[in-house]
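Welcome! Here is a short briefing to read alongside the sequence and the 3D view.

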Amino acid sequence: MAKKSKKSCNRHKTFNYYCEDCQRINQFTEERFQYSRFKGKVSYRRYILIAIVVVAIIAALGVFWLWPAWYGDMSLNAQLYNDKAGGLDYFNFFFLNGWSTKFIFNWTALIGAIIGSIIMSIPPERNLLTLIGTKLRFGKPTRGKSLLFWWTIGFVMFYFLGLLLNVNSGGFSWTLYLIDNGEIVLSPNLILDAFNVIFNQNSIDFVTIYIYSNLLVPIISFIMGVIIFRLILNVAKYVYLRRNDYLVMGNVLVIIGLVCGLVFVYIPTLSLDGINVIQILALIFGFFSITALGTIICIFGKRKYKKDSKNYIFAPYSQKKLIFVIVVIVVFTISPLIFSIGPLLNLNNTAVWTEQQWTKKYKREVEWTRLAAGLDMFEERPIQNFTESSTTLDAEMVSKVRQFDQNFAVQYLAASIGSTFEGLADSDIIYINNKEYWVAPKTVRFSEITGDAVQTNTELYDHVEGFLAMDTFTGDLVNVTETFNITENYPIFFGESESQRYLEQTLGFFEEGSLGAYDSDIILGTEWSLGIPNNEFRYEGDPDGTLTGLEGFWKTLNIGLFAYAFQTDHQYLINRNVRNRVSEILLPQLRIDNDPYLVFNMIQGKMYYAVSIYTYINVGSYAQFPILRFLGISLVDVISGEMTFYQNPTLETSNDPTYPLWKIYVDQYNWQATPTWLEEQLRYPEDLFELQLEANYIYHVQNSVSWRRADDFHERPEDGDLFYIESDLGDGIEYIGLDLVEYKGLTATLLAGMYVIRHGTHFGEAIFYYTRDSGENLIGPKTARETYGSEATQEISLISGARNGNTLLYPIGGSIYYYIPTYSTAGSLQQLKLAGFVEAFSRDVGYGDSALEAYVNLNLTGDEAPSNLTISYNFEMESSMNYPEDPANFVINIQNLDTNFSAPIVNVKVNLSIYSSTTNNVDYNLILPDYLNPIQNTTYIDGIYTRVNFTVVDTTLYFGEGLVLNGFLNTTKGNVIVFYKWNLIVDGIMIYESPVNFLSVFE
């Protein structure tokens, strides 16, 4: 059938698109175009039956598969955290009273659906359906049908679009949850209070800005977004369906005005200076003037069209008037920008810059950011304080140097693994009993597993037994039973996957996102337990959860174990990776540190993973960093998976303006007081401290002149990191985190200072040792490495595959020295071949085969000169020994050089003083010729040390007479470091006292 041509009015021979009379003649049920109706009788029975079958299938899938499979995992988590995390309610944490967007049905999406449907219904928006109707030929819908569409299909559409309310890291839902639980109060003056922050320089209101930016801004943005969407549909209507230039221009102007208003809404969330405050008036002017102009044009256009349907095109005279009005509006809108040019051009004037930018912006950024990020924890001290306050003898300090870095430790420990299915988890520095160790838990080596469900999801490879530890100074393996009071085959059922460093060093690559050990759920009660040779343990604790019926069937089937799917009861271990185990029960805006570490209850002989938890709450406005607070740790029992929450012992809640925003975390978890044994091993979270460091690199500057000069901003040097070492800050040896910084942007790599985070009795105290007032420049670590490399070029060139280790800083000899080790690398083997000390001020270098030899070669004590020239002497002691079969040899050489035969005899006494930490519980004995026995000695306690003073020589020497004495020093214990010094007394006068040296006792 031929297509019916369109009719024309009496004035036109053919249909004229722009003629209202032609359009009216061709309208069908108020439409411009006449659409063909579907003809013929349609049978709906078949379609109804198909629909019933589809609904039945979907319902069956939901009842017998989707719901049991989803709810099964939820039930397991609920059982786990109720039974093994102190009764935490997983459902409450997951759903958050309906505010969580983790579940598809939530109040946030519903709010979006209601807002969108209401806006599109007053009056019912028909343009979208009409536009679609021109293609699908169903014409223009009635108001009733449009209303039905927006509250059905449109409701679903806006339901999912409503999730965009949470685009700010879930802040919208979480804020409403806090209000719902009475944690924070929604003030009726919220908008005024938020804008008061901008205009009142003394206002520091974190709570108001947080609520405004996370609640009002998303709501207003969503509402305006829907309104703009509706206006865009209007533009499409008046361009495509029924041309009307007035209404197109009017709607476009309203859209522009709303965009100005939308930007203005975000103003309290931004950091503004004085000039910006003037410029934001342009947004206000633009919102009111452009929106008003667009509205007037729309009203004017509709009236003109109502009077004469031909008036829908701008006439030339109308265009001129409109252009004139628009120009006036634009000039009015941008007038604040014009007025801001004056101050902008005068910013090079100190007074103007200070008033407009420092006082109104940067100073406030410093205040807000320091409060938010917790930067008040940093105490500033001059670098001289670090050098002058150290009370530790050089020999003892050198014995605490970390000679072996993590790369060395990983390769060395990996070579000690005795089976093909075991690998290493991340290695960490552990400080226990006043000594530092590299500790690496074993883990299942998934690279050796084919991926079969029996291997990954049963008890076949469900655990490893034992861990490895290495002395950071000597580089030797330690006996974990003697050192940590933990059995060598201690089972680890909950742990970590292989570390990236370990995989890269053993396999040569690391695949991001690959399945690792402890990442898969385990079903218990299979015959695969105890299937690994040399493993002595099987899991005997309570399951994390139990499922029955369809829930257990689908869970077991989903992990690939069909043979066990039809059991009556299914018991599982889930979230076995300690990171996942803790992170799955975190409330929004909490984070875990990505470096869990082992801690040891030596009294009970138990081992745990410590997973640190801290806040990360974005506020905005003048706070350039989120609210960062270390809340505490979750201690995970590696055998049972039990979780215990211990609060940060230094957490401060009073007088903290940010506390209302994180008080809920203190209340919701069952925090306990940290026991003494744990406090000694507690470590400040590395991720958190690095975030705070990043903030303090800039926002420690609180002086306008320094800020303007930008001469005191910091950055990490090349290969910089946060290193956990032993040092002395004035209270003796302690465990600290050390981060070196250089001045930002300088081509010369000068040391700007060092950041220190303390532990133990000073836990959480941070110090920045600055160099800006030192009077002389200190070289940075890169320059120190270059200086060391230049001095020891020949020695380093002879080292195969030479690799420098971590560059660390220590207080030695009343100054600061960089320690730089050099290792030889041959395949998977490494050895310490050279070590160097570089003075940070003078660049003096000493190097040798070890830290001790490098220190000796610094020659800090100068040449020894006797006070009595008639006596020459020399004392030597080996630097190491092997307990018990190879004691340390020492030699004493004394000569009376007097040539006067009538000179009186001299009384000579040589004392050897030996000591070590009292906690080492070690004794000493000397092996000497029989004629010198018994040896006079005295033992006494001196602070934290046990000292033994031996009188090795007590004799008389005539002129020309001398003695040479060989002896041995032995200990009653290995794997310790002992310190010693020689005293020479002639005729009751001390003529020589050697510097303190140390002896490494291996086992």
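Which strands does helix α2 lie across? Helix α2 (residues 45-84) lies across β9 and β10, running at about 145 degrees to β9. This is a predicted model, in which local features need pLDDT of at least 70 and side-chain atom pairs count only at pLDDT 80 or more, while totals for chains, interfaces and linings use all residues. Residues are numbered from 1 along each chain as its sequence is written, and side-chain values use heavy atoms, with hydrogens and water left out.

**The sheet and its helices**

- Helices (H or I, at least four residues) and strands (E, at least two) are DSSP runs, numbered from the N terminus.
- An open sheet is built from three strands in the order β8-β10-β9, with antiparallel pairing; two strands pair if DSSP finds at least two bridges between them.
- The edges are taken by β8 (522-523) and β9 (545-548), each with a single partner strand, so one side of each has no neighbour in the sheet.
- β8 and strand β10 (residues 569-573) run antiparallel and are joined by two bridges; Ile523 has Tyr572 in β10 as its bridge partner.
- Helix α23 (residues 549-558) lies across β8, β9 and β10, at about 110 degrees to β9.
- For these helices, contact means heavy atoms within 4.5 Å; axes are lines fitted to C-alpha atoms, for helices over the stretch in contact, and angles run from 0 to 180 degrees between N-to-C directions.

**Aromatic rings**

- Rings of Phe, Tyr and Trp (its six-membered ring) pair if their centres lie within 6.5 Å; planes under 30 degrees apart count as stacked, over 60 as edge-to-face and the rest as tilted.
- The count by this rule is 73 aromatic pairs.
- One of them is edge-to-face, Phe103 with Phe105, at 5.6 Å centre to centre and 65 degrees between the planes.
- Phe473 and Phe998 also form an edge-to-face pair, with 5.3 Å centre to centre and 70 degrees between the planes.
- Phe473 lies in the loop between β6 (467-471) and α21 (480-484) and Phe998 in strand β36 (residues 997-1002), so this pair ties together parts 525 residues apart in sequence.
- One aromatic cluster includes Trp67, Trp70, Tyr71, Phe103 and Phe105.

**Buried or exposed**

- Buried means under 20% relative accessible area, exposed over 50%, and partly exposed in between (1.4 Å probe, protein chains only).
- Phe105 is exposed at 59% relative accessibility, whereas Phe473 is buried at 5% and Phe998 is buried at 2%.
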